[in-house]
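Subject: Structure handover

Hello,

Here is the structure for you to look at. My notes on what was found follow below it.

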Amino acid sequence: MVRRRRTSGILAWLLEALFFKKRSVKIGIYGPPNAGKTTLTNRIIHTFADEEEDVGTASEIPHETRRAVRRGGILIDLKQNLKQFQRTNFNSNPQPLSDPTRNGDLSTNPSTNPSTNPSTNPNAKSGRKGRAKLKLDVVDTPGLATKIDFHDFLAYGLREEEAKQRAKEATEGVIEAIKWLDDIDGVILLMDATQDPYTQTNVVIIGNMEARGIPVVIAANKIDLSSAAPQKIKKAFPQHFVIPISALTGENMPEFYAAMVRRFR
Amino acid sequence: MKRSEEGGEEREEGGEEREEGGEEREKRNMNIKMDLISEDKVNSMGSMEKIRFVLDGVKSGNIVVLEGGLTSEEQMKLIELAMLEVDEDFTGIEMSGYPSKKGFFNLRKKTRLTVVGPAKTMHTIKKGKDWISAVISEI
């Protein structure tokens, strides 16, 4: 179980663990704008809750999600959903992980290959598939940014009024995302594997989670793109779980779900 | 008629004054002020005081360099407050810092250096664990 019980003491924890049903954990999906947070949230819901349900729409325009959206009652059951993973994820996997032509090839770099590196493969050591269940609420948060300029939105064809309104809502969204940090049990930090991971927002989120004792799983998203270099993220944050994924195509999602179960349970 | 022509001249003269004033302002704007704050000064301030100090400096167009730096919690609070003050003129902040180091017996993290500037002026090009490369351009 995650560290929400840090204020309740060991006795309360034991009582709850022995006699009460495990409650669900609240997992926030954080990251910079356009990292793929909504796409990942939708994929988790499609895989474990409802194939038809979307919490939001993904867009190439930054700050598409400007209000945090919570979806509760998701049960990740790795054993039960294994076949579904294979159907929904691997069928849509256009490129094998071992493709040597891809930039940031995972197979040649053991530090980033989740199947060979125990630090990034949560099942590599234990193989504890029997207890592979996690009940969670997932919170899709607005992208975190330190600057929002309405002029940036004009480049996407928005009218000036629309751009200003979007910028205003985006600033409110950033504040809301920060406020949500007080109310979550774990963080999935989504980074765009095609971008430099060493941004201050990434560093600040990780620093805050470490200070609060909240577990973090880093997902290096967009590995379906040829310019993706997930090993850079692993190198930048060696003390954390880093799972290369493609939320869009479903590549490597079983590894990611296994990491979630292990880290947030 | 005559009065209006004079008035016109007055307005033109006033316009010239404004133009001169504008040039002066442009010259001033090309100078970018940097506030380099010592660790002692940083440590003498409380968290909120530090954040307000940085934000006021940045909103005035200055680059603020804090020896010793801000903690990640302070940086998060700074982002939050900066977002509250974003408008058409102030688009936010650009912030860079070295990651904190483990301190005494790994019990306390030691922050190092934080650089904060207006987003319109400062752009971080690249950064690593121990170095920051930034471009500071005129407004």
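Start with A:Thr201, which sits in helix H7 of chain A. Helices here are DSSP runs of H or I with at least four residues, strands are runs of E with at least two, and both are numbered from the N terminus. A:Thr201 has a relative accessible area of 11%, so it is buried. Buried means under 20% relative accessible area, exposed means over 50%, and partly exposed lies in between (1.4 Å probe, protein chains only). Setting aside neighbours within four places in sequence, A:Thr201 is in contact with A:Leu144, A:Ala145 and A:Thr146. Contact means heavy atoms within 4.5 Å. A:Gly157 is 44 residues from A:Thr201 in sequence and 27 Å away in space, C-alpha to C-alpha.

A word on conventions. This is a predicted model, where local features need pLDDT of at least 70, side-chain atom pairs count only at pLDDT 80 or more, and totals for chains, interfaces and linings use all residues. Residues are numbered from 1 along each chain as its sequence is written, chains are lettered from A and ligands numbered from 1 in the order in which they are written, and side-chain values use heavy atoms, with hydrogens and water left out.

Chain A overall: nine helices and six strands. Of its 265 residues, 53% count as buried. Among contacts in chain A with a separation of 6 or more, 77% are between residues 24 or more positions apart.

Now the helix packing between chains. H7 of chain A (residues 200–212) packs on helix H4 of chain B (residues 72–84) at about 125 degrees, with the axes 8 Å apart. H7(A) is therefore oblique to H4(B). (Axes are lines fitted to C-alpha atoms, for helices over the stretch in contact, and angles run from 0 to 180 degrees between N-to-C directions. Under 35 degrees is roughly parallel, over 145 roughly antiparallel, 65 to 115 roughly perpendicular, and the rest oblique.) The contact residues on H7(A) include A:Val204, A:Ile205 and A:Ala211, and those on H4(B) include B:Met76 and B:Ile79. By class, this contact has five nonpolar, five polar and one charged residue. (Ala, Val, Leu, Ile, Met, Phe, Trp, Tyr, Cys and Pro count as nonpolar, Asp, Glu, Lys and Arg as charged, and the others, Gly among them, as polar.)

H4(B) also packs with helix H6 of chain A (residues 160–180), at about 150 degrees and with the axes 9 Å apart. H6(A) is therefore roughly antiparallel to H4(B). Here the contact residues include A:Val174, A:Ile175 and A:Ile178 from H6(A), with B:Met76, B:Ile79 and B:Met83 among those from H4(B). This contact has seven nonpolar, one polar and two charged residues.

Last, the rings. There are three aromatic pairs over all chains. (Rings of Phe, Tyr and Trp, the last by its six-membered ring, pair if their centres lie within 6.5 Å; planes under 30 degrees apart are stacked, over 60 edge-to-face, the rest tilted.) A:Tyr198 and A:Phe237 have ring centres 6.0 Å apart and planes at 35 degrees, so the pair is tilted. A:Tyr198 is buried at 11% relative accessible area, and A:Phe237 is buried at 4%.

A:Phe256 and A:Tyr257 also form a tilted pair, with centres 6.0 Å apart and planes at 50 degrees. Both are buried. Ring pairs join A:Phe48, A:Phe256 and A:Tyr257 into a cluster.

Best wishes
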